[in-house]
Structure formats: C-alpha cells, structure tokens
Amino acid sequence: MELFFIFVAIVLTQNFVLHYFLGICPFLGVSDEMEGAFGMGIATTFVMTLTAIITWNINTFILKAFNVEFLEYVSFILVIASLVQLVEMFLKKYLPELYETLGIYLPLITTNCAVLGLALFMVLREYNFVESAIFGFGAGVGFTLALVIMAGIRGELNEEDIPKPFRGTAITLLVAGLLALAFMGFSGLVPT
Amino acid sequence: MFGPVVIISASTMAGLGLLFAGLLGFAHTKLKVEEDPEVTEIEDILPGLDCGACGYPGCNQLAKAVAEGEAPPDSCVPGGEEVAEEIADLLGLEVSSEPGRMRLAVVHCGANNEEKNRVGNYEGVESCRTAELTTGGNMKCEYGCLGYGDCARACPFDAIEMVDGLPRIDPDNCTACGECVETCPRDIIVVEELDLEGDFVKVACNSEDEGSAVREKCDVGCIACGLCEQVGPDEVFSVEDNLSQMDYSGYGDDADFAMAIDKCPTGCIIRFPSPQEASETD
C-alpha cells in the first residue's frame, strides 16, 4: 500500500511538472505535438527510472559507505548525463524520426531539473530501493501525463481563435497554470 | 599530505567516471549509426543558416534530401548558384537551372515619409509590430507601411534598407526567404516570382479601402479605378477587393507597361530596380 501511495502521489498529487514546477523547459518546448510529447515522456521516464535505480545504489553503497555524501550532486549528474547519452544513441539508431522531432530537447534531459530533483528527493525522503524505483518510474509517468495532456490541449488551441496578445507562449503559460490548478484537485487523495 | 576524504572522493568520482565512460563506449560500438558521408559533405557546402527557404526545417534535413535525390542540388535559396554548382559537382549532377526567373520580395506600399498622412503622434516603441498592436500606428491608412523597419531588422541577408520611411529591397541580396513577409504586421511584403527579362513593375499599394476612402487617406494609393486593366498588358492587372493586383506569371519581356504607369491617376504603379539595374546604379 505504501508503494502504491508513493506512485499515486508522484503521478497526481505531487506531479513534478504541475506541483513542483520542475522540468518546465521540455513541458513548454515539446508539448506542441502529441507524438513528440509522448516520445519525450517515454525517453524521460526511461532516464528517470534508471536514474532512480542507479543513484540509489551509488548513494547507498558508495557515498554513504565512504561518508562522502557531499558528492551526491556531481555523481548524480554524471549518472543522468550518461543515461541521456545512452538514450540518444538508442533513439538515433532505432527511432531516427523521434530523434529529429525531439531535437535539442533530448540532450536537454540532462539539465532537466525534474531528473536531478527526483534523485535528490529520493535521498531526502530516505526511500529504500523498491520505493526509489517506484518513485522514479512514477515521476516519469507523471511527467509523460503532464506533457500529453498539455499537447492535447495545445492541439485543440491551434484550432481556436485566440485573442492576438495571448497567442503563442502567453496562452501556453496560462494553460499550464490552469492545469496545475486543476491538478491541485487531486491533493488529499494520498494520506500524508 | 592529502586527507583521506580527498582521496576517497577523487577515487570515487574517477571510478564512477570510468565505469560510465566504459558503458557508453561499449554502447557506442553497439549502437553506432552509419551516417552517409555525402550528407556531411553537402552540409559543409550549405551556408548553415537554417533559414528554411528551401522548405526543409534546416540545412541538415536539406542535405539529407539532396543526398537521397529527393531535392534538386539547387534547392538552397540563399546559397544561390555557387552552392548549387558545388553540390552538383560533388554529386556529379547537372544544375537544372531555369534561367530568366527570380523570386523576390516586393513591397506593396509607395507612401514615403512625406506622403504618409498621420493622425496624432505615436511615441511608443519604434517597431511596426508594437505600433500595429497598440494603437494601430498613427497612419491614416490602415494598410500602408508604418515605416519602423521591422522587416529590415528581420532580414537575415541585409537586403532591406529603410529609405524615406519605406523598405527598399536590394534584389542582389534578397533570397526570397520570406522572413520579412512573416514579420510585417500589415502583410505589405509579398514574395513574387518575376521574369528577369520583363519589366519590374509593381502596384505600390495594399489598401482594400474603397476609392473615395483611399483618396482621403493617401495621395499615392490605388483607388481601384480599373484603368490599368484597360491600358496595361493583357491579363496582367486585375482589380479585386478595391485593389489592383498583378499577375506576375502572365507576362514576359514583350509586355509594355508604359501606358499603365502613365495613366494611373495616383501614380501607384511604379517600376522598381531589377538586379541588373541595381548593380548598374551602384
């Protein structure tokens, strides 16, 4: 039950994008097309899950064991950067179209604060291994969910006659704010 | 001399770094993508502006399309003949150039600073877009050039110069990429395909107001009298939406515009420099 709550919390009530406002750059950058948004979500989920698993091991068996916890930032970034490189190679080889769609946002997963935030939250909340893995995967699912919803709304918005001053980034930010507000409705779903 | 913490930290990071470097190195050999060397070579020849005038998102995509034979070697608009020839040489192709026609941005307003009729003062930001969005500028004419030079600033090729409140397009530098067309809030600039042999003539007005309204607002606007339809070359001028419009595809070097230019009561049908004339006057 505990694990289930962790998952629901990170997907809905404490969604990284809509609750903590982490990872806004790809949220606004690649949410204009459904296909790209979903691909980005999957790529980020992959990176997040593996990041959680690997950083937990590094944190527990290396950093804590040797009493060098101050290395967490630099070693976590190393893990994330390596994983992103791996994903990039994989996509370039097997899904070149998605690779083109994601463009610059793919290497930018490295600097996606949601990924680093995830690793740091995990340490802060002292999750065990299974909890960390669920947390990482849930964070990715939440990110994908936010991106896909946003892409859907923006797809509809393209058809609408938006007042001139609101066109483009302005209306996107407004929608993001309203979406975050809507997600606040989920709070209370998970007992704290 | 070093504390144990330093040594542990250094070796931890070095170990982790080596581990991941090894993993990535292994992955690299497994997941290597064979990139077509031709694509890289073509991309080196292309100007690398990513302007999108060719219809592809960027130079890399065009290079791929050219290498695969989907796009002709002369697709690059800003690169012009030189780039086309280099690419054709590389691929062993002939440049299938169609001589005699060129695409060029044409400005459809002829009111210079003196002829722009103003109402009140505009003290805002010196930008056409801002002026249009806020007060609509301070021009009487709602269609004419505001003259703040957004197009000149947007031009990636330095082909637009603001002269006396109007953009002047340098036909030698203009690559018809369409940045100015996108930028102009009043859609005054249009990319047209012109015959190099024929006369470079345009209707220097964009107003869809009725004739009487145009007369009130501007001395050099098109009043849609339709004279040009009658005296101009056959099937070139047509008056639609209270505005005389030209069909550039319809005439060649034998079309005579002297009558149309002469008879236009407000003088808004004017010649503008072709590339040859522009280089002669320099």
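Visitor: Which residues in α2(B) meet which residues in α3(B)?

Guide: Keep in mind that this is a predicted model. From α2(B) come Glu38(B), Val39(B), Ile42(B) and Glu43(B), and they meet Cys59(B), Asn60(B), Ala63(B), Lys64(B), Val66(B) and Ala67(B) of α3(B). Sorted by class, that contact has 6 nonpolar, 1 polar and 3 charged residues.

Visitor: What makes α2(B) and α3(B) oblique to each other?

Guide: The angle. Helix α2 (residues 37-45) and helix α3 (residues 59-67) of chain B pack at about 125 degrees, with axes 8 Å apart. Roughly perpendicular covers 65 to 115 degrees and roughly antiparallel starts over 145, with the rest in that range called oblique. The pair is therefore oblique. As for handedness, α2(B) passes α3(B) in a right-handed crossing.

Visitor: And why is α4(A) called oblique to α6(A)?

Guide: α4(A) and helix α6 (residues 113-124) of chain A pack at about 135 degrees, their axes 10 Å apart. To be roughly antiparallel, the angle would have to be over 145, so α4(A) is oblique to α6(A). This crossing, too, is right-handed.

Visitor: Which residues of α4(A) and α6(A) meet there?

Guide: On the α4(A) side you'll find Glu72(A), Phe76(A), Ile77(A) and Ile80(A), and on the α6(A) side Val115(A), Leu116(A), Ala119(A) and Val123(A). They split into 7 nonpolar, no polar and 1 charged.

Visitor: How many residues does each chain put into the contact between the chains?

Guide: Chain A gives 16 residues and chain B gives 15. Helix α4 (residues 72-94) of chain A gives the most to the side of chain A, with 10 residues. By class, that side of chain A holds 10 nonpolar, 3 polar and 3 charged residues.

Visitor: How do you know that the span of α4 in chain B agrees with its number of residues?

Guide: Count 1.5 Å a residue, using one less than the number of residues. For the 12 residues of α4(B), residues 80-91, that should come to 16 Å, and the end C-alpha atoms are 17 Å apart, so the two agree.

Visitor: What is each chain built from?

Guide: Chain A has 8 helices and 0 strands, while chain B has 11 helices and 8 strands. Buried residues make up 40% of the 192 residues in chain A and 32% of the 282 residues in chain B. Among contacts with a separation of 6 or more, residues 24 or more positions apart account for 81% in chain A and 59% in chain B.

Conventions
Residues numbered from 1 in each chain as written. Chains lettered and ligands numbered in written order. Predicted model: local features only at pLDDT ≥ 70, side-chain atom pairs only at ≥ 80, totals over all residues. Contact = placed C-beta atoms within 7 Å. Helix = DSSP H or I, 4+ residues; strand = E, 2+ residues; numbered from the N terminus. Nonpolar A, V, L, I, M, F, W, Y, C, P; charged D, E, K, R; others polar. Buried ≥ 20, exposed ≤ 12 C-beta atoms within 10 Å, placed from the backbone. Axes fitted to C-alpha atoms, helices over the stretch in contact; angles between N-to-C directions. Parallel < 35°, antiparallel > 145°, perpendicular 65-115°, else oblique. Left-handed = near helix turned anticlockwise from the far one by under 90°.
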